[in-house]
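Here are my notes for your first read-through. Keep the structure open beside them and look up each spot as you go.

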Amino acid sequence: MPEAPEPKSLKQTLNLPQTQFAMKANLPQNEPARLAEWESTGLYEKIRSARQGSPKYILHDGPPYANGAIHLGHALNKCIKDFVVKTKTMAGFDAPYVPGWDCHGLPIEIKVDEKLGGKKLEMPAVAVRRACREYAQKFLDLQRSQFKRLGVFGRWDKPYATMDFPYEASILETFYGFYEKGFVYKGLKPVYWCSHDHTALAEAEVEYEMHTSPSVYVRYKLTSVPEKISSKLHGKDVYTIIWTTTPWTLPASMAVAFNPTTDYVGVQTEDAVYIVAEELLKSVVEKCHLKLAGASPEDAVIARFNGANLDRVTFQHPFLDREILGVNADYVTVDQGTGAVHTAPAHGPDDFETGKRYGLPLTCNVDAQGKLRNGLPEYDGMFVFKANSIIKDILRERGALLAAEDIHHSYPHCWRCHNPLIFRATEQWFIAMETPMESIQGGNTTFRQRALDEIKRVVWDPAWGEDRISNMIAERPDWGISRQRIWGVPIAVFMCQKCHTPLNDPAINASVVELFNREGADAWYTYSEEKLLPANTACKNCNTVMDFRKEMDILDVWFESGASWHAVLEVEPELHFPADLYTEGGDQHRGWFHSSLLNAVGIRDAAPYKMVATSGWTLDEQGRAFSKSLGNGVDPVDVANRLGAEIIRLWVASVDFREDVAASENLMQRVGENYKKLRNTLRFLLGNIHDFDPSNDAVAWSAMQPLDQYILARTAELDAKIRTAYDGFEFHRAYHALNEYVNSDLSALYLDVVKDRLYTLAPNAPARRSAQTALWRIAEAITRLIAPILSFTADEVWKLLPTVASREESVHLALFPDLAEIVPGAIASIEADWERLHAIRAQVLLQLEALRLNKSIGKSLDAAVVAIVEEGSTDGILLTQYEPALAEFFNVSQVTVQSLGASQNQAGLMLEVRTAEGTKCARCWRTLTDIGSDDRWPSVCTRCADALEAIGFPSTGDTPTTQESA
């Protein structure tokens, strides 16, 4: 005969958790598989279809530069955007995301130059541009794959790129909008110039780094009548002293500037009288080691006069045969130096304006490579910084150098190549900031003021962003929009060969835009002027016919990216102008936010965004910037491949992106631990609803156990907190609210105490189904609430939740939960009741711990609680009402509420925690007095006996077990 099956143990009668949701996430392996599934099923397109017709919310993507792999700043930026888009989508908005890339510009051209080497000089412009396009496309594709790996949703198959033909046409169309309205001019001005890259730079392309410069004090001999300055200077040899940190500009020195309202002195030394600002006299004497004709600087002063007296006096250049004019300028300060400023109109904005005012020569004798031209043989053809020492030697030989030293100071550098910059007067194209415009009220204003007005209509987060960009707009010079390179959109203007007047014909401009739209900006380099212009085109200034040359400068890349509101927002049918949100790093107040604002105000008379949010820098734990030399970088691609993209996403959510944020391997590991805790909680939820069918098993709100109602009320509160945080883009608040709820409300309380009901009651027992109803509603809510941040995990959970009719196939197609889905009933009094019950529980826990310490009990289930209350008191009514739920809530075996009259209970509430009477149940391990009440199972309590009967467990083979072993 076959052997009889071995009888079941009591342990096997418990309702233990079952789930396919693994404790070990294996994110590096599972995330790519989920990405492939999303792509193959067209999830993003399904989201777009599901939200069609809903209110729009447009986050416009600021284009990262297509050069190299992504870094942690990219990951921070893209995850923030993804959080915004997904939270808005799940809040019911139609929130498409069209990613973009900035593809033109010098960094790419330099890389291509390095690759091509000398071959570039022999290649036609179109071939070089083709190489640049291929380079940009390579890194666009790489970055796209890396952003997708992070779980960022978007229209990745059709992003925008500034090198796309239609985008290039839109850039040109935007330029023509300024040009035809009279904003644009070409003129000679000093601009930041990179001698390494041979191009002009905008303010936004300048970074300040420490630099060592030669500081020199140089004397200029007065050649005009001294008495014009002061009668006390009659018959004296008089000099002034200038101070500069750019000796290489001295060959271009045309004037010495003095502040007309500053007090100056003539100080007598052994060899001459020197004119300096009175306030700086002492420091100049010390620096220049002047031998005074007096006991002190004050004693040596022979004349005092105002700076206005120095206007139009003349001096001799220290080493050139040139007369130098004394001029007045209010930008001369007494913060440092001498109060006399040497003025080289070709090498400084203030100097240039002074030169124009006084009719000084504006010629620049420094070439595109930064070499001095038309100078003395000693330095002619020499690079400006190398010429400094030569010029110092000349000054010393001529007796003009009074002092020299090196100083280490903050100095402008090129943001691309990090070489120091110079100011150099060249012909460039500019947009005039003072161009007349009409105000909102219909009056007269300027382009600058309109931009300032629009800034006030935008929401800035953080609020200081408004002041920052306002100050930049208020103080900025005219916008230099031309660059002397090849990889970009050309300033497609025809210049008259005879009179050099630019042609400005809207019909011709429109034809070039259409050509760019069809063939891209390469067409400018492909076709001759005769092919591009209509026959018999004449210059409107001199009437010369068909004698034009193409302008070959390209547009500033900031102008290009700043035109995205037109090239993308106004062109893409699923988007709109203005965007609801722009969000990038704080440096973009002088970059993309800035150029986009000016572009849109100039053309559409409105800001391109309703709100601007800015993020801080990514730093290490010591607050240092990431660098290869320090080896402190955190590679998001590496973290995703080792720990999972969810860890990167959770890290981004954990920090307030508005501030500078710290990152390190240690912090990523710590975030990973938090992820594991959350995952284990989700696993518990799923494991304990494996046999739960919401359509048949869900318990009505009114019939649910009080503790289950309470935890759902807490879940509703979590939902409100997270939704509010999401609305304010305060993702770190959502992260911390979730952690607190999971750790305090679920792990430390509810999930701990509800195990007894879930494991030991009969599968269909109403109290167990009540707990499962709560777990199901919690799981449904949490899964949707975390979906914008933990996109992979939420979708994994979603597919394992109990089947519900009409459920969306992906959590990313669902909406955030309604309050009624979490708490389908009134909760007004629940939280107040449970707040007090929590306070009482805290007292119970203290007494339980005392019993543990004196070895009276082992676990809390060994204890019983007696609550003695005043009859009719608030606590008495509360504890009596919740008495059936208190043993579970306190996690003890027995709770008894005893009511006494006021005279017998002076304390109002007394709690007595003691060892529970009775015997320990072999199945649920509670200590009770009803063990063996059913003789079929003599070692279990009545409640467990009912469960065993419900599942048809035989009365033999009673084997003790513990929940811990379960």
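This is a predicted model: local features need pLDDT of at least 70, side-chain atom pairs count only at pLDDT 80 or more; totals for chains, interfaces and linings use all residues.

1. Now find strand E7, residues 255-258. Ala-255 and Ala-257 sit on one side of E7, Val-256 and Phe-258 on the other, and all of them are buried. In other words, both faces of E7 are covered.

2. Who are the neighbours of E7? One is strand E12 (residues 323-328), joined to E7 by 4 bridges and running parallel to it. Here Ala-257 has Val-327 of E12 as its bridge partner. Another is strand E13 (residues 340-343), again joined by 4 bridges, but E7 and E13 run antiparallel. In that pairing, the bridge partner of Phe-258 is Ala-340.

3. Next, a pair of helices. Two packed helices are described by the angle between their axes and the distance between the axes. For helix H6 (residues 165-180) and helix H12 (residues 506-519), the axes come within 7 Å and cross at roughly 165°. Angles over 145 degrees count as roughly antiparallel, so that is the label for H6 and H12. The crossing of H6 past H12 is right-handed.

4. Which residues make this contact? On the H6 side they include Phe-165, Leu-172, Tyr-176 and Glu-180. On the H12 side, look for Val-512, Val-513, Phe-516 and Arg-518, among others. Sorted by class, the contact of H6 with H12 has 10 nonpolar, 2 polar and 5 charged residues.

5. Now a sheet. 3 strands make an open sheet in the order E18-E25-E24, with parallel pairing. Strand E18 (459-461) and strand E24 (582-585) are at the edges; each has a single partner strand, so one side of each is left without a neighbour in the sheet. From one strand to the next, the twist averages 15°. Between E18 and strand E25 (residues 611-615) there are 3 bridges, and Val-459 has Met-611 of E25 as its bridge partner. Then look for helix H17 (residues 592-604), which lies across E24 and E25 and runs at about 145° to E24.

6. The bond from Asp-461 to Pro-462 is cis, with omega near 0°. Pro-462 belongs to the loop between E18 and helix H11 (464-475). The bond from Phe-577 to Pro-578 is cis too, with omega near -5°. You'll find Pro-578 in the loop between helix H16 (564-569) and E24.

7. There's another open sheet to compare, with 3 strands in the order E29-E28-E30 and mixed pairing. Its edge strands are strand E29 (894-900) and strand E30 (909-915), each pairing on one side only. Ignoring direction, neighbouring strands of this sheet are turned by 20° against each other on average. Strand E28 (residues 863-870) and E30 are antiparallel and share 7 bridges; Ile-868 stands opposite Met-910 in E30. Helix H27 (residues 830-853) packs on this sheet, touching E28 and E30, and its direction makes about 40° with that of E30. Helix H29 (residues 883-890) lies across E28 and E29, at about 135° to E29.

8. Where are they? His-289 is in the loop between helix H7 (281-288) and strand E10 (301-306), while His-418 is in the loop between strand E14 (401-414) and strand E15 (422-431). Are they buried or exposed? His-289 is exposed, because its relative accessible area is 63%. His-418, at 41%, counts as partly exposed.

9. Last stop: Ser-627, in the loop between strand E26 (618-619) and helix H18 (636-642). With a relative accessible area of 25%, Ser-627 is partly exposed. How far apart are the C-alpha atoms of Ser-627 and Arg-373? They are separated by 39 Å, with the two residues 254 residues apart along the chain.

How values were computed: Residues are numbered from 1 along each chain as its sequence is written. Side-chain values use heavy atoms; hydrogens and water are left out. Buried means under 20% relative accessible area, exposed over 50%, partly exposed in between (1.4 Å probe, protein chains only). Helices (H or I, at least four residues) and strands (E, at least two) are DSSP runs, numbered from the N terminus. Two strands pair if DSSP finds at least two bridges between them. Axes are lines fitted to C-alpha atoms, for helices over the stretch in contact, and angles run from 0 to 180 degrees between N-to-C directions. Angles under 35 degrees count as roughly parallel, over 145 as roughly antiparallel, 65 to 115 as roughly perpendicular and the rest as oblique. A crossing is left-handed if the near helix is turned anticlockwise from the far one by less than a right angle, and right-handed if clockwise. Contact means heavy atoms within 4.5 Å. Ala, Val, Leu, Ile, Met, Phe, Trp, Tyr, Cys and Pro count as nonpolar, Asp, Glu, Lys and Arg as charged, and the others, Gly among them, as polar.
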